[in-house]
Amino acid sequence: MGKLSRRSFLKMGAIGAGAGATLAFANTKASKKEDKVIDPNEGVKRVKTICSICSAGCGIIAEVKDGVWIRQDVAQDHPISAGSHCCKGVDQIDLVKSKMRLKYPLKKEGGVWKRISYEQAIDEISAKMLKMREKYGPDSMMFMGSAKMNSQQAYYWRKFAAFYGTNNIDHVARI
Ligand code: SF4
């Protein structure tokens, strides 16, 4: 056997160390955690629905797990929106999940929002509306509807404005 140079000896040492490390890794059992690949879609139902923010009614796929709406996707096969949304519809899920969602009437008193009943809210708002009509006339009020309204709601809204005594009414038509 010939004489081994210092350089060749070091090379052989490096190869040996590398092979040892690879063998050691191969013999190590993967932990249980690494074994299980979590499928984020497991148990998720894809439910066809529509965006209710305006009357265009763009298609949305609501992804629901255990009865809770967890994600949303565009409905590629929707006949109107054909897989698109405006910026509001993209976040339609927030109407349900947002912490900012208004769930009951609130009144600001002394700079603090306080929960009040629907009865109190209706009484106070209607008393103010009557006062405004007495003081400034019915045309001092503008009734803004919503593109979310269906035909029946829009009909009632129109009647409400007429009974108040004004034609100042509009809505948020999108198309
Ligand atoms: S146009 Fe926008 S707000 Fe109107 S239904 Fe479509 S996504 Fe919703």
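Predicted model: local features only at pLDDT ≥ 70, side-chain atom pairs only at ≥ 80, totals over all residues.
Me: How many aromatic pairs does the structure hold?
Reply: There are 5 aromatic pairs in the structure.

Me: What kind of pair do Phe143 and Trp157 make?
Reply: Their ring centres are 5.7 Å apart and the planes meet at 70°, so the pair is edge-to-face, as planes over 60 degrees apart count as that. Phe143 is in strand S6 and Trp157 in helix H5, so the pair ties together parts 14 residues apart in sequence.

Me: Is Phe143 buried or exposed?
Reply: Phe143 is buried, with a relative accessible area of 3%. Trp157 is partly exposed, at 24%.

Me: What about Trp157 and Phe160?
Reply: That aromatic pair is tilted, with 5.7 Å centre to centre and 50° between the planes. Both residues lie in H5, 3 residues apart, which is about one turn of the helix.

Me: Which residues do ring pairs link into a cluster?
Reply: Phe143, Trp157, Phe160 and Tyr164.

Me: Switching to H5. What span should its 14 residues have?
Reply: At 1.5 Å a residue, H5 should span 20 Å, and its end C-alpha atoms are 20 Å apart, so the two agree. Gly165 follows H5 and has a positive phi, near 110°.

Me: And the largest pocket, which residues lie nearest its centre?
Reply: Ser146, Ala147, Met149, Ala154 and His171, out of 12 lining residues. Helix H5 and strand S7 each supply at least two residues of that lining. The pocket holds about 160 Å³ of space.

Me: Last one: what surrounds the ligand?
Reply: Cys51, Ile53, Cys54, Ala56, Gly57, Cys58, Cys86 and Gly89. By class, that shell has 6 nonpolar, 2 polar and no charged residues.

Terms used
Residues numbered from 1 in each chain as written. Heavy atoms only, no water. 1 Å grid on protein atoms, 1.4 Å probe; cavity = no way out; pocket = protein on both sides within 12 Å on 5 of 7 lines; lining within 4 Å. Points joined across faces, edges and corners; volume = space filled by probe spheres on them. Helix = DSSP H or I, 4+ residues; strand = E, 2+ residues; numbered from the N terminus. Near = heavy atom within 4 Å. Nonpolar A, V, L, I, M, F, W, Y, C, P; charged D, E, K, R; others polar. Expected span 1.5 Å × (residues − 1). Phe/Tyr/Trp six-rings, centres within 6.5 Å; stacked < 30°, edge-to-face > 60°. Buried < 20%, exposed > 50% of the residue type's maximum accessible area, 1.4 Å probe, protein only.
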